[in-house]
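Subject: Two-chain model for you to look over

Hello,

Here is the structure I promised to pass on. Please open it alongside these notes.

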Amino acid sequence: MVKREESAMWSIFGYLLSGLLFWGGIGYGLDQWLGKSYLTLIGLLIGVSGAIYLVWLRFGRE
Amino acid sequence: MGNVRRSSGEGGFVPPGSADFELPPIFGDNAYTTKPIFLVFLSIILISLFFIVASRRAAIVPSKLQFAGESIYGFVRNDLARDVIGHDFLRFVPYLFTLFTFILVNNLFGIIPLLQFPTMSRVSFPYVLAVTIYLVFHYVGIRKQGAIKYFKEIMFMPGVPKAAYILITPLEILTFFVVRPATLALRLFANMFAGHLLLLVFILGGEHLLQGVIGLKLISPFAFIIGIALTFFEFMVQCLQAYIFTLLAALYIAGALADEH
């Protein structure tokens with residue numbers, strides 16, 4: 001059904017964006033604080049993994 | 001209205017940009033009298049008139065106008081509200097119907113000759129609409145389930161190992177309270193902004209080519225033809241964006257009403 005797919009698509013997009021923003025933001029903050037440069041990348045990767053896990057929980061389990 | 005945009009300035013072609021969306025006030029220095037504000041009022045007048053006339057003297061055998069009005073209403077009521085929200089959808093129909101017609105008419109202003117400015121390409125209008133949706137769907141969620149249960153359902157999905165909550169709970173909170181309403185507004189804004197800019201590029205470009213040497217004059221019709229084709233394309237985008245905005249609003253309300261998201 002078109003509406004279901006549309007809604008699923010934008011939910012997934014929202015989760016991925018939140019994941020990158022939140023954990024990437026924490027990584028960036030730690031980088032600034034500790035004077036490192038790789039924590040932003042680690043944060044972004046954690047964020048994407050979390051978001052994909054969440055997408056799987058929402059849409060993949062049924 | 002008033003000022004005419006010209007394609008060439010002192011240094012040749014002036015490419016369209018975000019400055020083309022910052023229209024000067026019409027009356028003096030009053031910043032509340034810009035074109036988008038008038039377009040919003042015009043849209044409200046047009047929508048009200050249309051549906052008042054269409055629903056007056058409603059007959060069993062409908063006139064063409066009544067049929068048109070009822071088709072739009074029926075579309076929002078059945079295809080958006082009933083299909084998405086399910087039972088108890090009727091009390092959201094007025095809101096969704098207002099949202100849909102308001103956005104649709106304001107988007108269509110982008111291609112109506114002489115008006116030719118999509119109101120929603122000024123970002124504050126979509127923001128305000130998104131704020132109303134934000135208030136509505138959190139309010140109905142809290143009313144239906146109680147504040148504690150509602151927020152608990154958002155933050156802690158059942159059937160997930162406890163350690164995983166550290167990873168996903170912040171994402172759920174951010175998605176529900178920031179990303180969803182923000183993307184809702186920005187999607188509408190960006191589509192209208194980009195569409196208007198695209199039309200400006202081809203039509204102003206065509207006009208500028210007309211002022212060039214004979215070779216350039218011969219090319220200019222192609223720019224205008226593409227401009228006209230894009231106008232039809234924009235019509236499609238404008239309808240689609242009004243639909244998607246209302247659909248997502250209905251989906252968020254449905255999500256807040258459902259016991260499990």
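The contact between the chains takes 16 residues from chain A and 16 residues from chain B. Two residues are in contact here if their C-beta atoms, placed from the backbone, lie within 7 Å. On the side of chain B that touches chain A, α2 (64-85), α6 (164-210) and α7 (214-257) each supply at least two residues. α6(B) gives the most, with nine residues. By type, that side of chain B divides into 12 nonpolar, two polar and two charged residues. For these classes, Ala, Val, Leu, Ile, Met, Phe, Trp, Tyr, Cys and Pro count as nonpolar, Asp, Glu, Lys and Arg as charged, and the others, Gly among them, as polar.

Bear in mind that this is a predicted model: local features need pLDDT of at least 70, side-chain atom pairs count only at pLDDT 80 or more, and totals for chains, interfaces and linings use all residues. Residues are numbered from 1 along each chain as its sequence is written, while chains are lettered from A and ligands numbered from 1 in the order in which they are written.

On confidence, the model scores ipTM 0.84 and pTM 0.87. Chain B has a mean pLDDT of 87, and 97% of its residues reach 70 or more. pLDDT is the predictor's confidence in each residue, from 0 to 100. Within chain B, confidence is lowest in strand β1 (residues 8-9), at a mean of 72. It is highest in α3(B), at 94.

Now chain A. It has two helices and zero strands. Helices (H or I, at least four residues) and strands (E, at least two) are DSSP runs, numbered from the N terminus. The radius of gyration of chain A is 14 Å, whereas a compact globule of 62 residues would have one near 11 Å. That radius is taken over C-alpha atoms, and the globule rule is 2.2 Å times the number of residues to the power 0.38. The C-alpha trace of chain A spans about 50 × 20 × 10 Å along its principal axes. Buried residues make up 26% of the 62 residues in chain A. A residue is buried if 20 or more other C-beta atoms lie within 10 Å of its own, exposed if 12 or fewer, and partly exposed in between, with C-beta atoms placed from the backbone. Of the chain A contacts between residues at least 6 apart in sequence, 50% join residues at least 24 apart.

A:Arg61 sits in the segment after α2 (39-60) of chain A. A:Arg61 is exposed because it has 7 other C-beta atoms within 10 Å. From A:Arg61 to A:Leu39 is 22 residues in sequence and 31 Å in space, C-alpha to C-alpha.

Chain B has seven helices and two strands. Their order along the sequence is β-β-α-α-α-α-α-α-α. The C-alpha trace of chain B spans about 70 × 60 × 40 Å along its principal axes. Of the 261 residues in chain B, 31% are buried. For contacts in chain B between residues at least 6 apart in sequence, 64% join residues at least 24 apart.

Next, the cores. The largest nonpolar core has 41 residues, of which B:Ala81, B:Leu96, B:Ala249, B:Ala250 and B:Ile253 touch the most other members. Such a core is a set of buried Ala, Val, Leu, Ile, Met, Phe, Trp, Tyr and Cys residues joined through C-beta atoms within 7 Å. Two or more residues come from each of α2, α3 (93-108), α4 (124-145), α6 and α7 of chain B. α7(B) gives the most to this core, with 11 residues. Another core, of 10 residues, lies apart from it and includes A:Leu16, A:Ala51, B:Ile168 and B:Val179.

- B:Val201 is in helix α6 of chain B. With 16 other C-beta atoms within 10 Å, B:Val201 is partly exposed. B:Gly17 is 184 residues away from B:Val201 in sequence and 9.1 Å away in space, C-alpha to C-alpha.
- B:Asp88 is in the loop between α2 and α3 of chain B. B:Asp88 is not a glycine, yet has a positive phi of about 75 degrees. B:Asp88 counts as exposed, with 11 C-beta neighbours inside 10 Å.
- B:Leu114 is in the loop between α3 and α4 of chain B. B:Leu114 has a positive phi of about 80 degrees, although it is not a glycine. B:Leu114 counts as exposed, with 7 C-beta neighbours inside 10 Å.

Best wishes
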